[in-house]
Amino acid sequence: ALGNTPKTFERVEADIAEIVAAGAIPVVFGGDHSVSIPVGKAAKKPGASPGWVQFDTHLDAAPHVGGEELNHCCTITRAVDNGYDPAKMVLVGISGWMNPKTELKYCRDNGIRVIWLEDIWEKGAAWAVEQILERVGEEGFYLTFDVDALDAAYAPGTCAPTPGGMTMREALEIVRGISPAGLIGLDVAEPAPSLDHSTRTQLIAGRIAL
C-alpha cells in the first residue's frame, strides 16, 4: 500500500507470519529501519520471550518522530511495545553524535543493554559476543543489522553512512558468535544501492545474512 505505512506493515506482518508458521526463519533485506517493526512482531511467536539484538550506529529509541510512531527512529520502542523484553535486548556498535539524550535515557530506564562501539574497540569482538549471549536468554533472538553500524568505507550505500564505524571483520565475528543462540528472524536494514557507486554495500548485506 504505497504511502500507507500501517497497511504496508499489516501486509508485511501477514507474509512473515506465513513464513514463521511454515517453520522457516524469515530473512529480510530492508528499506529503512522501520522494516524491523512488522518483521520482528511477526517473528515472535505468541507466548514466547525471545531476545532482540540490533547492530546500529543509532539507538533508534525515539517514542515517535513528529507524531509518527512507525518510523525508522522508533525500532527499539516499537519492539518493546510489541512484547520484546527490554532485559533481553542489546544494542551493538552505537556511536557518534546523532544519539539524543532522551533515547539514551529510555534505554537506561528500561534496562536495555548498550554496547558502545568504543567498548568493542577496547575489549574486542569476542567480549561483545559474551555480553550479548549473557543477555538474550534461552528462547532465541531476533537480529536486525543496520548497515550504518559499519564504517562508511565498507557500507557507503546507506542514508547515514558512518565514518569510523565498525569493521566488517568485527561485525562478522559477532554475528557468527551469537547466531548459534538461535535466530527467530533476521533483517539487514538500510542498504541503499542507489547511494553506492559500487556493489559493496549489497555484497556486505548478503554476507551478513549468510
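Helices (H or I, at least four residues) and strands (E, at least two) are DSSP runs, numbered from the N terminus. Everything in these views comes from a predicted model, where local features need pLDDT of at least 70, side-chain atom pairs count only at pLDDT 80 or more, and totals for chains, interfaces and linings use all residues. Residues are numbered from 1 along each chain as its sequence is written, and side-chain values use heavy atoms, with hydrogens and water left out.

View A. Let's start on the surface, where I25, V27 and F29 make up a nonpolar patch with about 280 Å² of accessible area together. Such areas come from the Shrake-Rupley method with a 1.4 Å probe, and for residues only the protein chains shown count as cover. Patches are built from residues with over 30% relative accessible area and no salt bridge, joining like charges within 9 Å and nonpolar side chains (Val, Leu, Ile, Met, Phe, Trp, Tyr) within 5 Å. V27 sits in strand β1, which covers residues 27-29. Its relative accessibility is 45%, so V27 counts as partly exposed. For that label, buried means under 20% relative accessible area, exposed means over 50%, and partly exposed is in between (1.4 Å probe, protein chains only).

View B. Rings of Phe, Tyr and Trp (its six-membered ring) pair if their centres lie within 6.5 Å; planes under 30 degrees apart count as stacked, over 60 as edge-to-face and the rest as tilted. By this rule there are 3 aromatic pairs. In one of them, the ring centres of W52 and Y142 are 4.9 Å apart and the planes meet at 35°, so the pair is tilted. W52 belongs to strand β2 and Y142 to strand β5, so this pair links parts of the chain 90 residues apart. W52 is buried, at 1% relative accessible area, and Y142 is buried too, at 0%. Another pair, F55 and F145, is stacked, with 4.7 Å from centre to centre and 20° between the planes. F55 lies in β2 and F145 in β5, so this pair also ties together parts 90 residues apart in sequence. Both of these Phe residues, F55 and F145, are buried. W52, Y84 and Y142 form one aromatic cluster.

**View C. Salt bridges.** A salt bridge here is a side-chain nitrogen of Lys or Arg within 4 Å of a carboxyl oxygen of Asp or Glu, and the structure holds 3 of them. E13 and K41 meet at 3.7 Å, N to O. E13 is in helix α1 (residues 5-21) and K41 in helix α2 (residues 36-43), so the bridge ties together parts 28 residues apart in sequence. D81 and R78 meet at 2.9 Å, N to O, and both lie in helix α3, 3 residues apart, about one turn of the helix. D81 counts as exposed at 54% relative accessibility, whereas R78 is buried at 9%.

**View D. Two positive phi angles in loops.** D60 isn't a glycine, yet its phi is positive, about 55°. D60 is in the loop between β2 and α3 (75-81), and at 5% relative accessibility it counts as buried. E190 isn't a glycine either, and its phi is positive at about 75°. You'll find E190 in the loop between β6 (183-189) and α8 (200-209), and at 6% relative accessibility E190 counts as buried.
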